[in-house]
Amino acid sequence: MWDGGTRQPRMRPRKSVNVAALVGSPEDEPSRPNLRLRVVGVGVLVLFLVLVLRLWTLQIIDGKSYAAAVNRNQVRVVQVTAPRGEIVDRDGTVLVSNMPEQEILLSRVTAAEDPSIIAKVAALIGQTPAQVKAAVKNERYSPYEPVPVDTDVPADTVQWLQTHSSEFPGVTVQTITQRTYPQGGTVATHVLGYLGDITPAQLKASPKAGYTQGSLVGQSGIEAQYERYLRGVNGSQALSVNASGNVVGTLSRTAPQLGDTVVLNVDAGLQEAVQNDLAAQILLDRKTPDVEDHNKLPPAKNGAVIVLNPQNGQVLAMASYPTYDLNEWVGGISSANYAALAATGAENNNAIQGQYTPGSTFKLITATADLQDGVYSPSRYYDDTGTFTVSNCTGGTCTFYDNVGDSGGQYNLAMALTVSSDSYFYNLGELFWEGKSTYGPDAIQNVAAQYGEGETTGIDLPYEVAGRVDSQPEREKLHQEDPGVYSNTSWYTGDNVEMAFGQGATELTPIEQAVAYATFANGGTRYAPEVASEVVNPTTGKVVETIAPKVTGHVNLPASVSQPILQGLEGVISNPKGTANPDFQGFPANWNLAGKTGTATNPGDDEPNSWFVAFGPNPNPQYVVLAVIDQGGYGASAAAPLVRSIFDYILTNPIGGVKTPTPSSPPSLTAPAPNPAFGTPTTTTTVPGATTTTVPGATATTVPAPTTTTTSPGA
């Protein structure tokens, strides 16, 4: 029955979601093992393919690189240093060679793993453990190579070590070569040069030359100049290394190639004579009072001698004093020895690095400029009163004086050179500056440049410096470089007067002045001086390179210019009034020499520089000999006797041609014995076809007549 009340909404029950209803129980659901196996199989297959791909990449694509990496862990390729080539003189005498010696090495790895080995090695070689430890830590050596801890090891030590090798793990012995000097290590020191550790700059400059941080290279002289030939070609050896880094065997070896032989133009006998004469003269000079300067003793600080062949520029001898022993550098020079060299300046080659005021030797330049220009006729006489006053002088030095002892007189050009009249050349300096020259006021400087003065000569030795010829532009240049030292930039007539006879700020190197006189002697061709003649393969005897004469300039020297000058220079020696005539008394007249003294004033109360240069035998000179002694006094007192002594040697020991060493005619370790110098009081020496000249107070010595030598390029 309907009760007529409110109607209620109709509710429908909602079913809840049950996971069990979605996934049946194992009892209700059918089993599906094949599907699961397929899923697992696919996963395994994917992993297998990834593994195969990785193995293929490692073995095929990256196989070579990984194999090389493994080999690097097992093999160490080390460099075998090539023995350096020899340096021989023009006659085939060995000046520099190699000597084998034993070297003890210690493995860095072993030293790190077993520090006790350091003390054992130190006791074996007579060093302290600290010294051995420092050698092991030396960074100049490769970390993969054993480190040298001792060189020049005695044979009995090597033998004992070899029989007790098990007690010294990581210690090995190897044979190396060191530089040796068959002629004693003091012959041609500055010419030959020494070896030293390669510098970072040198290593960077030659990245493909095979150098390492431990390489020894030429640091001076011929050793440095011809390093590319002397160093040879390094070899290599592949060493088998165990897991500890110790060498356990040698797998392969490429032998090094010996460096080439450098043949010099230098004659060993002449070189030794020049060095001895230079040292003896300087030591004598220091004990001889300068009678022209209140009997002061010249300090004779240093000096140099050069002997050139003016016909081709060959350097026959070159000496510098003070000097040193090349053996000090073998195996590395000690700090004490190097400090001693630096203190004395012995390492400097004064022949190419010393700068000296030239004095009257510069008169060759002024005379050439005069005759080329016609400023003052060579036949015109000048009245030398001993004093010269600059006309209309308004600044600088106005009055100049001749050297003490000069007597003065009436001189033409030739006689002015013979007696070294300063006033004659003062006059020329004024004439050039006052506009009497058609070539301008700097004509003397221009002629000096033609002779090569004020610039490097191009000699085949490193570290040559250039001199300078005084002028206003030169003073302005020096002022810009160092205003404090070079404050004077003015130029007056007096400055040109000083420059005309080799004073003022003019400073020349001995090699520049030697080249200038060689240029005049040969008629005007300027050659670059050359120490080396050729480079030879020591195995085949084949000439690798010929160092042919190099022409670097010319000076116009027609007879109208050269003959008056030559007459004056010959008079220096042959004329009784010549400045060097007393020094050459008894010298054979058939060896007609020409020369020039130089007495160059130094600042303050210092003794003058002593110069002398001579060439001959004329008219076809084969030798130019120049000597300079710093603060040695008058040129005729110190340098001229020195040059005379050298020509005495040349008289009885003429220089022959260059001999090329070959396997059938190898270089000799022993130099031939020289003949006694001319005038030496010994038994008479007879040379077939020679003329005999007797020197007063000396035993008669037979002197060969001068001969003309014809040389081929580089010979």
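Modeller: Let's start at S420, which sits in the loop between α16 (413-419) and α17 (422-433). Please keep in mind that this is a predicted model. What is the phi of S420? It is positive, at about 60°, although S420 is not a glycine. Is this serine buried or exposed? The relative accessibility of S420 is 8%, and buried means under 20%, so S420 counts as buried.

N392 is not a glycine, yet its phi is about 50°. You will find N392 in the loop between β14 (387-389) and β15 (399-401). Whereas S420 counts as buried, N392 has a relative accessibility of 76%. The mark for exposed is over 50%, so N392 counts as exposed.

Stay around N392 for a moment and look at the cysteines. C393 is joined to C398 by a disulfide, with 1.8 Å from S to S. In case the word is new to you, a disulfide is a covalent bond between the sulfur atoms of two cysteines. How many disulfides does the count come to? The count gives one disulfide.

Going from Y321 to P322, the peptide bond is cis, with omega near 5°. P322 belongs to the loop between β12 (315-321) and α13 (335-344). Another cis peptide bond runs from N618 to P619, where omega is near 20°. For P619, look in the loop between β22 (609-616) and β23 (623-629).

Helix α15 (residues 363-373) packs against helix α18 (residues 443-450) at an angle of about 110°, and their axes are 9 Å apart. Angles of 65 to 115 degrees count as roughly perpendicular, so α15 and α18 are roughly perpendicular to each other. Their crossing is right-handed. Which residues make the contact? On the α15 side there are I365, T366, T368, A369, Q372 and D373, and α18 brings A443, I444, V447, A448 and Q450. Sorted by type, the residues of this contact of α15 with α18 are six nonpolar, four polar and one charged.

One more pair of helices is worth a visit. The axes of helix α5 (residues 116-125) and helix α6 (residues 129-136) cross at roughly 110° and come within 8 Å. That angle makes α5 roughly perpendicular to α6. The crossing of α5 with α6 is right-handed. Here I118, A119, V121, A122 and I125 of α5 meet P129, V132 and K133 of α6. In this contact of α5 with α6, seven residues are nonpolar, none is polar and one is charged.

Notes: Residues numbered from 1 in each chain as written. Predicted model: local features only at pLDDT ≥ 70, side-chain atom pairs only at ≥ 80, totals over all residues. Heavy atoms only, no water. Axes fitted to C-alpha atoms, helices over the stretch in contact; angles between N-to-C directions. Helix = DSSP H or I, 4+ residues; strand = E, 2+ residues; numbered from the N terminus. Parallel < 35°, antiparallel > 145°, perpendicular 65-115°, else oblique. Left-handed = near helix turned anticlockwise from the far one by under 90°. Contact = heavy atoms within 4.5 Å. Nonpolar A, V, L, I, M, F, W, Y, C, P; charged D, E, K, R; others polar. Disulfide = S-S within 2.5 Å. Buried < 20%, exposed > 50% of the residue type's maximum accessible area, 1.4 Å probe, protein only.
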